[in-house]
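Please look at the sequence and the model first, and then follow the text below.

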Amino acid sequence: MDYNLEIVVQDAKDALSTIDDLEELSRLRNNLLSKKSQLGTARSSLATLPLDQRREIGAKIELARKEIESALAERRQLIEVRTRKEKLAADEIDITEWLESSTPARGHQHIVQRTRDELEDVFVGMGFSVNEGPEVETDWYNFEALNIPPAHPARGMWDTFYLDLGEPETVLLRTHTSPTQIRVMESGELPIYAVMPGRCYRRDTPDSRHLPIFHQIEGLVVDIGISFANLAGTIEDFTTAYFGAGIHSRLRPSYFPFTEPSAEFEITCTICAGSGCRTCSHTGWIELGGCGMVHPAVFEAVGIDSKRWTGFAFGFGIDRCAQMRYQIPDMRVLMENDYRFMKQL
Ligand code: PHE
């Protein structure tokens, strides 16, 4: 029997150094320490030796076994530490990670909403309150109370969407914000200095200056001694406050059933600053909305004494204002939600 135990130990250490997982390690452990291993056979051969040699070689074998055991333990620890490190690294969540491509874009208000807010701010600064009314209205609020009885030819000024509710043609999508005037007056508190913004609907084919769904802001003042001069002054003040000092307003005679006298109000063309261009048909002026003195028949419909109180009203398009202020050639982009347009304004 060859008892070169140093070589046995060295071979064991060499074999161990290539092992990387615990299963392989326990297999190798069996091979190195079982009865059939070199160490095992050396131990079983001890019985054939004389007593003195048996003790000496037995001690050497025991020493070799201890050395192999400790090499095994060392390797086991190394593998365990390494596996744990790898597992930790794989489980790690880097909460500071920042990837350019996955950064969410920051949204902002739609230009129409922003224009509405800015217009409200201008009027609030002038002492007006802000009121809202429903988008689904009855014929009474949208037409009759505004001095437009059924079959009145002026109904042709507003191509109306009706709802399939109640009696035919009695419930509709409001065609302007003027019905909110009626609601504010009905609420009974006088005097009134109010603006009423909101969405309106008309059966119009969309084009560069019209949308079937659009927004208006209505103004209403009812007090003692209110004159047409107050109306003209309010509109001029609003125009310069919102569009800037170089933009002015003018009134042209017009007709609305709920105001008398009535006017259309125009502002300096913002494209050419009044010198004349295609957009303003070379007049230097752009129409923004309608206005006039509240008609006595409207006061009567809401129970306000028109001998005592007078007032004016105006209404204009919010989308049209945004178009003028930001020089948007075609209004349809306001509805299309094309991100390339939306992110600019
Ligand atoms: N409601 C009218 C329209 O939409 C505008 C208007 C409002 C006119 C108030 C006069 C007074 O056409």
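How many Å separate a polar side-chain atom of His176 from a nitrogen atom of the ligand? In this predicted model, the separation between that side-chain atom of His176 and the ligand nitrogen is 2.9 Å.

| Residue | Ligand atom | Distance |
|---|---|---|
| His176 | nitrogen | 2.9 Å |

The space that the ligand takes is the largest pocket.

Turning to the surroundings, the ligand has 15 residues around it, and the closest of them are His176, Ser178, Arg202, Gln216 and Glu218. By residue type, this shell consists of six nonpolar, seven polar and two charged residues. Helix H7 (178-186) and the strands S5 (213-223), S8 (285-294) and S9 (310-317) are the elements that each contribute two or more residues to the shell, and S9 contributes the most, with three residues.

On the scale of the whole protein, there is a division into domain 1, which spans 5-91, and domain 2, which spans 111-342. The centres of domain 1 and domain 2, taken over C-alpha atoms, are separated by 95 Å.

Conventions. Residues numbered from 1 in each chain as written. Predicted model: local features only at pLDDT ≥ 70, side-chain atom pairs only at ≥ 80, totals over all residues. Heavy atoms only, no water. Near = heavy atom within 4 Å. Polar contact = N/O pair within 3.5 Å; in protein donor to acceptor, adjacent residues only side chain to side chain. 1 Å grid on protein atoms, 1.4 Å probe; cavity = no way out; pocket = protein on both sides within 12 Å on 5 of 7 lines; lining within 4 Å. Sits in = over half its atoms within 2 Å of the grid points. Helix = DSSP H or I, 4+ residues; strand = E, 2+ residues; numbered from the N terminus. Nonpolar A, V, L, I, M, F, W, Y, C, P; charged D, E, K, R; others polar. Domains from an automatic or database assignment.
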